[in-house]
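Keep the viewer open as you read.

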Amino acid sequence: MTHILELPTYLDQDDAVKDRFARLKQRPIALEVKDLSKTFETTGGTVTALKDINFNTHKREFVCVIGPSGCGKSTLIRILAGLESPTSGEVLLDGKAVHGPGPDRGMVFQGYTLFPWLTVKRNVMFGLLQSGHSREHAEEDARQWIDLVGLTKFVDSYPHQLSGGMKQRVAIARALANQPGILLMDEPFGALDAQTRIKMQTYLMDIWKNIDITILFITHDLDEAIYLADRILVLKAHPGEVQELIEVPVPQPRSPEQLLSPEFLATKKRLEELIHPPQEGDEINGDHMNMVRMVPVDHEVESVF
Amino acid sequence: MNTRTVTNLFSVRRQMPAKSRFFVTIMSFLLPVLLWSLISYVPWLWHPKVEISDPGAVAYFKQGMLVDTELFDKETLKQEASGKALPEGRPANPIYLPAPHEVVVAFYTAFTTEPKRRSEKWLHESLWQSIQVIFWGFFLSSLVGVPLGILAGTYDFFSRLFEPFIEFFRYLPAPVFGALAVAILGIHEAPKIAIIFIGTFFQQVLIVSNTTRKLDPSLLEAAQTLGANNKALLLKVVIPGILPDLYRDLRILLGWAWTYLIVAELIGASSGITWFITQQARYKNFDNVFAAIMIIGIIGLTTDLILAALSKRIFPWQRNAAGA
């Protein structure tokens, strides 16, 4: 016998959550994305990676972007960071259009991207020195940020001496040191093991609570998106379009126990429906395994059930 | 040797136990020496000549002369038939293959033997001359080649501007410029340095630009999102980022520079270690020739080992600083 839990719908919000979203929407807009499209020319013709993307994030909001592979979520964040330019549409940060990469938008990459030849301290100082701060000021600031991510003992270590989680904390400190208007994170915990990932999520929530920062976070992990986000931007693939902007009904502040709360599971169910809809075409497209029984009839374990 | 040991020694892309590694490294040098010793000291291995110890009745044999074994046998039979005194001798290798101990002695005597003519140089002077030619050729080449390579690897503009011509030029063998270099630069050191420069420079630009292009592009992107401008990308990311690989490239290229030395030193007035080798070969002092050739190898290997050890100190962030 299997029990299927009766879940509320993800649209149900209790009063505290409702009130919080009302206040959140009153906040000034941090990032505005208007009619953003991106097409690539390939030998096979024109590929539309993103089509008419529109959304806003408010100040100090935590937005997760999620979608199936090929939905262009990486392209989106790279455009926001200025590493790629859109085919049409524009990106406004605090009302001003952005062109090209700049220190007003911090970025954390999945692959750490710490400068291997610089110590932890020098890595964090990099952006500060680029924006013209004196060496003394940069060093003092860097120490504070490193302290904030709990790596004071490692200020003079080189990146190769750190674990993956520690490297990513340095990368976050390095991005935050520039005091950007928005922190863009491209699957930052994707390369970490499950345990470290959960720890890093908690660190990130702590940082977000205590620092004036708006976060746009890309992930393919549904739990991670629900656990972290105020709102989740769900994209669909081919072409990459906004499917839904979900207001996460799980109350803030978050804690790991909420992973099994009804609101959490209801949201997860909705995300599953959006991202992994039952594909009827799979069989016809040949996307299935040709499974035949290869266990002898008289095998000592006749059936695994 | 049991199966376990064999598996240890021949497991794909795995290090052997430290003891075996050390032993095999020693064997790497010992085996060639052993082969050489066998050929030199075991009379029935090779030894196609006979060194005459007593000419006997053969008119044209002299003591210490090397003759082919067939000739010696023929003359012996002839003398036997006519009942005269038989020549005596012992099996020997050709003059161009001295025995190991002769070369070891030559290592010392080559340095202490006065040159035959007043104007000629001692071995250490010849060596010093060669090292200077290599140094200046390689230094000047790197002075221009490394910056050009980095620019070509960083900016498409410079890549298009330099690389097509360099790709063409590097197929021209450096020695063909010998006559030209002498005509322009005279017969002394300058044309030799020029040949080493030509031999190194064009490869250098291409190798350095390739190394530069291999820098992880996400480091450049990260730097851009941290506010680095174009100049800072080059000076604060590209250059420090490629330094360890660049250093390794230069180590390899320095080895190539030595191969051009021999050609370079034959151009104009022959000089340096090459002059010494050709001169000694002319006097049939092949033990000295071997000693001089080995000295080149020893200088090359020692330089490389020192540079490799230095790289660990210069680049502390490199996990495997020793590199290739």
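The largest nonpolar core here has 117 residues, and A:Leu216 and B:Ile196 are the ones with the most contacts inside it. By nonpolar core I mean a set of buried Ala, Val, Leu, Ile, Met, Phe, Trp, Tyr and Cys residues joined through C-beta atoms within 7 Å. Buried, in turn, is 20 or more other C-beta atoms within 10 Å of a residue's own, exposed is 12 or fewer, and partly exposed is in between, with C-beta atoms placed from the backbone. The top contributor to this core is helix H8 (residues 189-213) of chain B, with 12 residues. Helices (H or I, at least four residues) and strands (E, at least two) are DSSP runs, numbered from the N terminus.

A quick word on conventions: this is a predicted model, where local features need pLDDT of at least 70 and side-chain atom pairs count only at pLDDT 80 or more, while totals for chains, interfaces and linings use all residues. Residues are numbered from 1 along each chain as its sequence is written, and chains are lettered from A and ligands numbered from 1 in the order in which they are written.

Back to B:Ile196. Skipping its neighbours within four places in sequence, B:Ile196 is in contact (C-beta atoms, placed from the backbone, within 7 Å) with residues including B:Val133, B:Phe138, B:Tyr260 and B:Leu261.

Now hop over to chain A and its own H8 (residues 262-275), which has 14 residues and reaches 20 Å from first C-alpha to last, close to the 20 Å expected at 1.5 Å a residue. That expected span is 1.5 Å times one less than the number of residues. Buried residues of H8(A) include A:Phe264, A:Leu271 and A:Ile275. On the face turned away from the buried side you'll find the exposed A:Glu272 and A:Glu273.

How do the chains meet? 22 residues of chain A are in contact with 15 residues of chain B. Strand E6 (105-108) and helix H3 (120-130) of chain A each supply at least two residues of chain A's side.

Definitions and conventions. Two residues are in contact if their C-beta atoms, placed from the backbone, lie within 7 Å.
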